[in-house]
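User: I would like a close look at one part of the model shown below, followed by an account of its wider setting. Please take care to state the cut-off behind each term.

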Amino acid sequence: MSQTSGPKSFQISKHLVFEAYLRVKANKGAAGVDGVSIEQFEEDLRGNLYKLWNRMSSGCYFPPPVRMVEIDKPGGGSRILGVPTVADRIAQTVVAMVLEPLVEPVFHPDSYGYRPRRSALDAVAVCRERCWRTDWVIDMDIQGFFDNLDHDLVLKAVRHHTEQRWVWLYVERWLKAPIQRPDGSLLARDRGSPQGSAVSPVLSNMFMHYAFDAWMAREYPGVQFERYCDDVVVHCRSETQAHLVREAIAGRLAECGGLRLHPKKTRIVYCKDGMRRGSYEHTSFTFLGYGFRVRKVKSKRGKFFFGFNPAISDEAAKQIRAQIRRWRLHLRSGSTLEQLAREINPVVRGWINYYGRFHSSALDFSLNRINYYLVRWLVQKYKRFRRKRTRAGEALGSHARLFPGLFAHWKLVKP
């Protein structure tokens, strides 16, 4: 990126564009509508980065359409993701890197999504402690959040935080960039920001900061919440307060571009445990893949009690078991145990690191399915175990005692 050029309309650092490329490369990702992968983009890296910088600095960069990808949602239906081109992801990352340091100091401490040094597990941990202290929860679901973001309000938030006109210009162009359907037709957009774009997380956080976080801090300073993008849990001290706050939030979201709370998925939940009496229609909720409900837990002194605690949700556990089935381990008789372990361990470690943080024993049933398929693998591979599955299980158990670190899940569930 050392080519010379004349004066530019906007002062954008070449170094910033290169840093953005490094981020995009680290995140990997699929090709956009042009079919160009990161590897193909790198075949002329200097030229491609210079061309992108030159167009952005001149104000003549126009984003191409975003490739539409539909993925199934756990609860049914589908979610639309937008896959920008590699060059467009780099351009978006440039803007995100400019905006992030401006808005980070302003964001609410209970906003956790897509922020540095904050994670979904941090939000789950705080939510757990607050459920112990307050009896009621509003389990919020904003209907079609990413599809219904008001462009004018997003741009208003951007202009509030920066005077750099090129940031305004490109954010507006990205918001309006059409989506290309699988059949090649284009879908124009006058609202919404497709999930999957590099700049969407910071834009959605800015929107929700003013639409929800700052409003809650101003109107209900004593009511605590955890927000991970559009996934929100609000803690209330009474059922009456929960109903009042829920109605107020619905009114506030309606003012912010006509957003709506999902009428069926938004629920008021009683955090019932061994000490809380009475009953209510809803006594559990799911937040960031964790199911919160009354569970039998062991105290530090070894005594059992019933507390309101998180563990892997039923839906997340079902997805894990489905993934294990798709591996078809029992049919891989041409592979060794070591090869199977190398292939699946990175995924299994991810499950354990995330879902094993709270009430890890709830993972045991799902992870034990791996042992089930490994026993079937032994039976399929070695004739001496045919019709002797018990002996195959014993052999796998002996191997696990000799090599306890071979499979990542063996630290939780031995065969």
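Where is Leu288 found?

Analyst: This is a predicted model, in which local features need pLDDT of at least 70 and side-chain atom pairs count only at pLDDT 80 or more, while totals for chains, interfaces and linings use all residues. Residues are numbered from 1 along each chain as its sequence is written, and side-chain values use heavy atoms, with hydrogens and water left out.

Leu288 is found in the loop between strand 9 (285-287) and strand 10 (290-298), where helices (H or I, at least four residues) and strands (E, at least two) are DSSP runs numbered from the N terminus. Although Leu288 is not a glycine, its phi is positive, at about 55 degrees. With a relative accessible area of 15%, Leu288 is buried; the term buried stands for under 20% relative accessible area, exposed for over 50%, and partly exposed for what lies in between, with a 1.4 Å probe and protein chains only. A second residue other than glycine with a positive phi, near 55 degrees, is His359, which has its place in the loop between helix 11 (337-355) and helix 12 (364-381). His359, however, is partly exposed, with a relative accessible area of 32%.

Of its 415 residues, 47% count as buried. Contact here means heavy atoms within 4.5 Å, and among contacts in the protein chain with a separation of 6 or more, 68% come from residues 24 or more positions apart.

The interior can be described through its nonpolar part. In soluble globular proteins, nonpolar side chains tend to be buried together. A nonpolar core is taken as a set of buried Ala, Val, Leu, Ile, Met, Phe, Trp, Tyr and Cys residues joined through side-chain atoms within 4.5 Å; the largest one has 121 residues, and those with the most contacts inside it include Ile90 and Phe285. Helix 4 gives the largest share of this core, 10 residues. Leaving aside neighbours within four places in sequence, Ile90 is in contact with Val17, Ala20, Tyr21, Val24, Phe41, Leu49 and Leu52.

Leu175, in helix 7 (residues 165-176), is buried at 3% relative accessibility. Not counting residues up to four places away in sequence, Leu175 touches His151, Val154, Leu155, Arg189, Gly192, Ser193 and Leu203. The C-alpha atoms of Leu175 and Arg267, which are 92 residues apart along the chain, are separated by 31 Å.

Charged side chains complete the picture. Side chains of opposite charge can pair when their charged atoms come close. A salt bridge is counted where a side-chain nitrogen of Lys or Arg lies within 4 Å of a carboxyl oxygen of Asp or Glu, and by this rule the count comes to 13. One of these joins Glu100 and Arg23, whose closest N and O atoms are 3.5 Å apart; because Glu100 lies in helix 4 (residues 86-103) and Arg23 in helix 1 (residues 14-27), the pair ties together parts that are 77 residues apart in sequence. Glu100 is partly exposed, at 27% relative accessibility, and Arg23 is also partly exposed, with a relative accessible area of 37%.

Another salt bridge links Glu247 and Arg246, at 3.3 Å from N to O. In that pair Glu247 is exposed, with a relative accessible area of 52%, whereas Arg246 counts as buried at 18%. Elsewhere, salt bridges that share partners join Asp110, Arg130 and Glu226 into one network.

Asp150, in the loop between strand 3 (136-141) and helix 6 (151-161), presents another case: Asp150 is buried yet has no salt bridge, the nearest side chain of opposite charge being that of Arg191, 4.4 Å away. Here Lys and Arg count as positive and Asp and Glu as negative, while His and the chain ends are not counted. Not counting residues up to four places away in sequence, Asp150 touches Arg191, Phe207 and Gly257.
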